Amino acid sequence: TGYSWNLFLSNNDEFSELDRTSHQVFLRVGQVLAERTRWGVEGSGSDTTYDEGERNDFQSVSVGPFLEWQVTEAINVGLRGGWSWTLFD
């Protein structure tokens with residue numbers, strides 16, 4: 001599981017309509033198939049709110065399966081797929 005909070009503040013008034021706050025959460029449940037391979041399901045959700053009314057606030061949700069293989073200590077190969085929904089205000 002995880003949580004992320006992002007605050008975007010422009011240092012230029014010309015781009016102040018991009019100032020926003022985002023909250024993201026994710027969850028991953030998996031099972032080991034072999035010593036270096038695992039699979040499972042993961043999901044995420046986010047909520048983004050703009051400070052000014054020029055852009056639309058939005059929420060998004062995604063869910064789908066994943067497969068990971070630890071090839072070497074430094075190389076990890078992953079395959080992800082699934083569905084994603086975005087809802088704009």
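**Questions on a predicted model**

Me: Is leucine 79 buried or exposed?
Reply: The relative accessibility of leucine 79 is 56%. Residues are buried under 20% relative accessible area, exposed over 50% and partly exposed in between, with a 1.4 Å probe and protein chains only. Leucine 79 therefore counts as exposed.

Me: From which number are residues counted along each chain?
Reply: The model is predicted: local features need pLDDT of at least 70 and side-chain atom pairs count only at pLDDT 80 or more, while totals for chains, interfaces and linings use all residues. Side-chain values use heavy atoms, with hydrogens and water left out, and residues along each chain, as its sequence is written, are numbered from 1.

Me: Which residues are in contact with leucine 79, leaving aside its neighbours within four places in sequence?
Reply: Leucine 79 has its place in strand β5 (residues 76-80). Strands (E, at least two residues) and helices (H or I, at least four) are DSSP runs, numbered from the N terminus. With contact taken as heavy atoms within 4.5 Å, leucine 79 meets Pro65, Phe66 and Leu67.

Me: How many salt bridges does a search of the whole structure find?
Reply: Side chains of opposite charge can pair when their charged atoms come close. The criterion is a side-chain nitrogen of Lys or Arg within 4 Å of a carboxyl oxygen of Asp or Glu. For salt bridges, the search of the whole structure gives a total of six.

Me: How far apart are the closest N and O atoms of glutamate 68 and arginine 38?
Reply: Glutamate 68 is buried, at 10% relative accessible area, whereas arginine 38 is partly exposed, at 35%. The two residues form a salt bridge, and their closest N and O atoms are separated by 2.8 Å. Because glutamate 68 lies in strand β4 and arginine 38 in strand β3 (residues 37-50), the pair ties together parts 30 residues apart in sequence.

Me: Which residues are linked in a network of salt bridges?
Reply: Arginine 80 forms a salt bridge with glutamate 42 and another with glutamate 68. Arginine 80 lies in strand β5 and glutamate 68 in strand β4, so that pair ties together parts twelve residues apart in sequence. The linked residues are Arg28, Arg38, Glu42, Glu68 and Arg80.

Me: Which ring has arginine 28 over its face?
Reply: A charge sits over a ring if NZ of Lys or CZ of Arg is within 6 Å of the ring centre and within 35 degrees of the ring normal. The charged end of arginine 20 sits in this way over phenylalanine 8, 4.5 Å from the ring centre. Arginine 28, at 4.3 Å from the ring centre, lies over the face of phenylalanine 66.

Me: Is glutamate 17 buried or exposed?
Reply: Glutamate 17 is in the loop between β1 and β2 (20-34). Beyond residues up to four places away in sequence, glutamate 17 touches Tyr50, Glu52, Glu54 and Arg55. With a relative accessible area of 17%, glutamate 17 is buried.

Me: Which strand gives the most to the nonpolar patch?
Reply: Tyr3, Trp5, Leu7, Leu9 and Val25 form a nonpolar patch on the surface, with about 560 Å² of accessible area together. Leucine 7 is in strand β1 and is partly exposed, at 47% relative accessibility. The strand that gives the most to the patch, with three residues, is β1.

Note on methods:
Patches are made of residues with over 30% relative accessible area and no salt bridge: like charges are joined within 9 Å, nonpolar side chains (Val, Leu, Ile, Met, Phe, Trp, Tyr) within 5 Å. Accessible areas come from the Shrake-Rupley method with a 1.4 Å probe; for residues, only the protein chains shown count as cover.
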